[in-house]
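User: I've got a structure loaded and want to talk through it before setting anything up. Can you walk me through a few bits?

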Amino acid sequence: MSIAERDDRKTAALAGWQPSEPLVAANGDLYVHRHALARAILRGEVSQSGFGAEVVGKASTSLISLPVLYLEGQQHQEMRKATARFFAPRTVEESYRATMERETTRLMAQIRDSKGGRLDQIAMDMAVSIAAEIAGLTNHLIPGMPQRIAALLDNPPLDPKLSPAALLRILGTNLKLTAFYLCDVRPSINARRKAPREDLISHLLSIGYRDREILTEAVIFGAAGMVTTREFITIAAIHLLGQPPLRERFLTGSKEERRAILEEILRLEPVIGRLRRRADVAFDLPDGHKVEAGQHFVIDIRSVNADSSAVGACPFHLDPERTMPDPRTGGAAMGFGDGRHRCPGAFIALEESEIFLAQLLALPGLRLVGEPRMSWSELVGGYQFDECRIAID
Ligand code: HEM
């Protein structure tokens, strides 16, 4: 097979991915498949309408109030500005790198002792330990926060239409939310009230947030920072284990080379495969298409990240030396989104993945056991790992 035909993607079939026209209208939504169009929309006058924003917006009377992912305008800008310091590369290097290394060493010892394990669970343990440190979710009534967060985010009720099945799911989610609050969020809030630290919960307390608002931010952190990183570490390990020369290159390369490989994997296998927005005003797209205020967009990140006018030739080939026609595009293309809601945790995610994978892949005799099991997450329009086993021979 020539390089031009080579398709290295492992999750595209699960996503049912097909090549599409740049803009496709369906069920009243505009589906966006080109990078330049997606960028214009995400940077334009639009509001968040993904991740159940419509349901969340209506839920102001329940436990849920608006966290950063759903905020817009000045409120969003202020929250991003006030929390930027927790995500800055300097803070990560100075405050979290040691935690990342310590957690990696702990998890490697666990893998060596058990001669393997469930990579998806081990990656979740890593991602939770790091994001929890940044959030300040460090005090617990009982152990098991990674499992409580994973359960909470599995199949959440996002359908705005109420049916008996949807009501049961809402009830189930509220029970899981209460367990997360009582076991993890409340003990952490109590500890930070007595002794504030340099973390998100301490900051939210300092600006007068109430417990339930801190709870919703913590849920978003769980979804945004923990589950995404679990999927990413797992898919990256699968690619690297499946291609020995790439694994060798990752292990012997510089930090920049390792970063480039990880970003290229995220470009090909976006964890968040779909972003949604709603136009606040009427405007014209760069291709001349006119959109009305209120128009809903679905940005197909898989297609956008494979748009060769933005990412160069052979877009389905995992090429660690890929250079983007416009360097401002960034190695992961829109794997971390774009515009005002672009992921603030991108640097953290890449740093912890790199530290973890460098030690994992250096374990002699490491191999995958059987085929990893994946399923589809409607919440993010992406893949999720149900089971991925590794062993050491
Ligand atoms: C590989 C791992 C990750 C991926 C693929 C990822 C991807 C994304 C994407 C695509 C968005 C934009 C959503 C939108 O525009 O609607 C986002 C937002 C966000 N991410 Fe990440 N993320 C990752 C890791 C993290 C980590 C580690 C953290 C925190 C420690 C984090 C915190 C957030 C937050 C708070 C937002 C909301 C920002 C806002 O709405 O202004 N993410 N992420």
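User: Let's start with a pairing: what is the bridge partner of Leu368 in E10?

Analyst: Keep in mind that this is a predicted model. E9 covers 366-377, and E10 runs over residues 382-392. These two strands pair in the antiparallel sense over nine bridges. For Leu368, the bridge partner in E10 is Ile390.

User: And which residue is the bridge partner of Met374 in E10?

Analyst: E9 and E10 form a hairpin with four residues between them. In the turn, Gly381 has a positive phi of about 60°. Met374 has its E10 bridge partner in Phe385.

User: In what order do the three strands of the open sheet come?

Analyst: The edge strands, each pairing on one side only, are E4 (116-118) and E9. The pairing is antiparallel, and the twist averages 15° from one strand to the next. Reading across the sheet, the order is E4-E10-E9.

User: What angle does the direction of helix H10 make with that of E10?

Analyst: H10 spans residues 211-242 and packs on the sheet. The strands it touches are E9 and E10. Its direction and that of E10 make an angle of about 55°.

Technical notes. Residues numbered from 1 in each chain as written. Predicted model: local features only at pLDDT ≥ 70, side-chain atom pairs only at ≥ 80, totals over all residues. Heavy atoms only, no water. Pairing = 2+ DSSP bridges. Axes fitted to C-alpha atoms, helices over the stretch in contact; angles between N-to-C directions. Contact = heavy atoms within 4.5 Å.
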